[in-house]
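Here is a friendly walk through a structure, for a reader who likes to keep the model open alongside the text. Please have your viewer ready.

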Amino acid sequence: MITLGIDSSAVAGSAAVLRDGRLLAEIYSDVGLTHSETLAPAVQRALQEAEVSPRELDLLAVSVGPGSFTGIRIGVALAKGIAFPFDTPTAGVSSTRALAHPLGCFPGAVAAVLDARRGRVFCGVYRQGREVCPPKLLEIEELPELLGPGPAMLVGDGAELCYNQLKGRGEFSLAPAMLRQIRASAVAELGELAASRGETVPAGELRPLYIQPSQAERTLLEKQALKK
Amino acid sequence: MNQYLGRVPVFHFDMYRIEGEGDLCSTGYYDYLDGRSVLFIEWSENIAFALPEDTITVSIEKTPGGRRIEVAGIPEGRE
């Protein structure tokens, strides 16, 4: 099985090619350029390095969010564009699950946090690869209560922000920097796992996972703004 | 949104049609609050709930003799 993994749900972007679970090539960049400039060349380069043509792909796995609104749109649109011509099956992978994936061996909770700005993060919680809290939008201050007692490892582009803000409020640790960003290889691996369970969809049915504040929160925010 | 990429990236948003958080998210606005860029926001009153604390506000008002421009929020020592 040959899988192309794509991620652009945060500031960094990457593309990876897996053959039967083995990582053949991965291109990763975090240089402040927009995904619209870097992602398609990264995919092309990863495919070239792996000597795989788009026609040969058995699966296209892409991180569908939550995260950067623009980044998710670019990643999902690119995945659809590559998958459509050859009817390649696709698998949407949550960006928080992809973040937690390399830390599946950590015995405590893994909190995957993506910076949603204004003191908020998109957060999903995992224990040894199992999702115990699906991704949602919350205030950083709500994190200790969500995680409860016990050690928790923070990953994602919001990890440092949360770690600094919540110092002394729990047993938090920061994942090593090289594990703190989403990797397309993790997206590809999770895509293969989803495919083994028969959870793929045609490109036309692939959907982004935008998580927006609930209507109640929106109303509250707007009321607060009016008071100012 | 228009972008002007130079030494400091500048992004121009027009929020005239934005009504609330849902609309705002769909512009990608939050992706640009990265601390490295300058955002020029027209109709910023429509997104008052989402403006950063260090926002500088420029008000332009028509007057009989021309126009009056008022700038507020410039940090101390940087005037």
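## Ground rules

A residue is called buried if 20 or more other C-beta atoms lie within 10 Å of its own, exposed if 12 or fewer do, and partly exposed in between, with C-beta atoms placed from the backbone. This is a predicted model, in which local features need pLDDT of at least 70 and side-chain atom pairs count only at pLDDT 80 or more, while totals for chains, interfaces and linings use all residues. Residues are numbered from 1 along each chain as its sequence is written, and chains are lettered from A and ligands numbered from 1 in the order in which they are written.

Let us begin with the backbone. Most residues other than glycine have a negative phi, and most peptide bonds are trans. A:Q128, which is not glycine, has a positive phi near 45°. A:Q128 sits in the loop between β7 and β8 (130–139) of chain A; helices (H or I, at least four residues) and strands (E, at least two) are DSSP runs, numbered from the N terminus. Because 14 other C-beta atoms lie within 10 Å, A:Q128 is partly exposed.

A:R118 is another non-glycine residue with a positive phi, about 55°, and belongs to the loop between β6 (109–117) and β7 (120–127) of chain A. A:R118 has 15 C-beta neighbours inside 10 Å, so it counts as partly exposed. The peptide bond from A:G65 to A:P66 is cis, with omega near 5°, and A:P66 lies in the loop between β4 and α2 of chain A.

## Two domains of chain A

The assignment for chain A gives domain 1 (2–94 + 182–212) and domain 2 (97–179), with bounds that come from an automatic or database domain assignment. Their C-alpha centres lie 23 Å apart. Contact means that the C-beta atoms of two residues, placed from the backbone, lie within 7 Å; by that rule, 14 residues of domain 1 of chain A are in contact with twelve residues of domain 2 of chain A.

On the domain 1 side that touches domain 2 of chain A, α6(A) provides the largest share, four residues. That side divides into nine nonpolar, three polar and two charged residues. Here Ala, Val, Leu, Ile, Met, Phe, Trp, Tyr, Cys and Pro count as nonpolar, Asp, Glu, Lys and Arg as charged, and the others, Gly among them, as polar.

Which residues of α6(A) are buried? They are A:A184, A:S185, A:A186, A:V187, A:A188, A:E189, A:L190 and A:G191. Their cover includes β1 (2–7), β2 (13–19), β3 (22–29), β4 (59–65), β5 (90–94) and α3 (95–100) of chain A. Just after α6(A), A:G198 takes a positive phi of about 75°.

A nonpolar core is a set of buried Ala, Val, Leu, Ile, Met, Phe, Trp, Tyr and Cys residues joined through C-beta atoms within 7 Å. The largest one has 78 residues, and A:A111, A:L154, A:V155 and A:V187 have the most contacts inside it. Helix α2 (residues 69–83) of chain A gives the largest share of this core, eight residues. Domain 1 and domain 2 of chain A both contribute residues, so the core lies between them.

## A look at chain B

Chain B has one helix and five strands, in the order β-β-α-β-β-β from the N terminus on. Buried residues make up 13% of the 79 residues in chain B.
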